[in-house]
Amino acid sequence: MTQTKREPFNAGDFSSRKLMELVSGERDSDRLMLDQDALDAVVSELASRRHYLRELRDRGLLAPRAS
């Protein structure tokens with residue numbers, strides 16, 4: 001019996017553009033089913049890079065800015 005080892009999802013391994021594609025599902029060929037932990041990791045990584053903040057807010061994945 002063989003076991004398949006799955007690498008843990010590391011959002012830091014992806015470019016910001018690729019992370020946004022994963023969140024938005026814009027490209028069906030690249031679309032992955034993200035579980036909640038992976039989605040949280042993607043949003044956190046993009047927010048820490050300060051990339052695509054407006055798009056994340058528009059999708060309701062990031063809290064709106066305080067006025």
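**First stop: helix H2**

Select residues 36–49, helix H2: at 1.5 Å a residue its 14 residues should span 20 Å, and the end C-alpha atoms are 20 Å apart, which agrees. (The expected span is 1.5 Å times one less than the number of residues; helices are DSSP runs of H or I, at least four residues, numbered from the N terminus.) Bear in mind that this is a predicted model, where local features need pLDDT of at least 70, side-chain atom pairs count only at pLDDT 80 or more, and totals for chains, interfaces and linings use all residues. Numbering starts from 1 along each chain as its sequence is written, and side-chain values use heavy atoms, leaving out hydrogens and water.

Now color Ala38, Leu39, Val42, Val43 and Leu46, which are buried in H2 (under 20% relative accessible area; exposed is over 50%, partly exposed in between, with a 1.4 Å probe and protein chains only). They cover an arc of only 135° around the axis, so they sit on the same side of H2; the arc is taken from the directions from the helix axis to the C-beta atoms.

**Next: the neighbors**

Show helix H1 (16–24) and helix H3 (53–58), which are among what covers the buried residues of H2.

Keep H1 and H2: their axes come within 10 Å and cross at roughly 140° (lines fitted to C-alpha atoms over the stretch in contact, with angles from 0 to 180 degrees between N-to-C directions). Pick Ser16, Leu19, Met20 and Val23 of H1, then Leu39, Val42, Glu45, Leu46 and Arg49 of H2, to see the contact (heavy atoms within 4.5 Å).

**Last click**

Just after H2, arginine 50 takes a positive phi of about 65°.

Conventions
Helix = DSSP H or I, 4+ residues; strand = E, 2+ residues; numbered from the N terminus.
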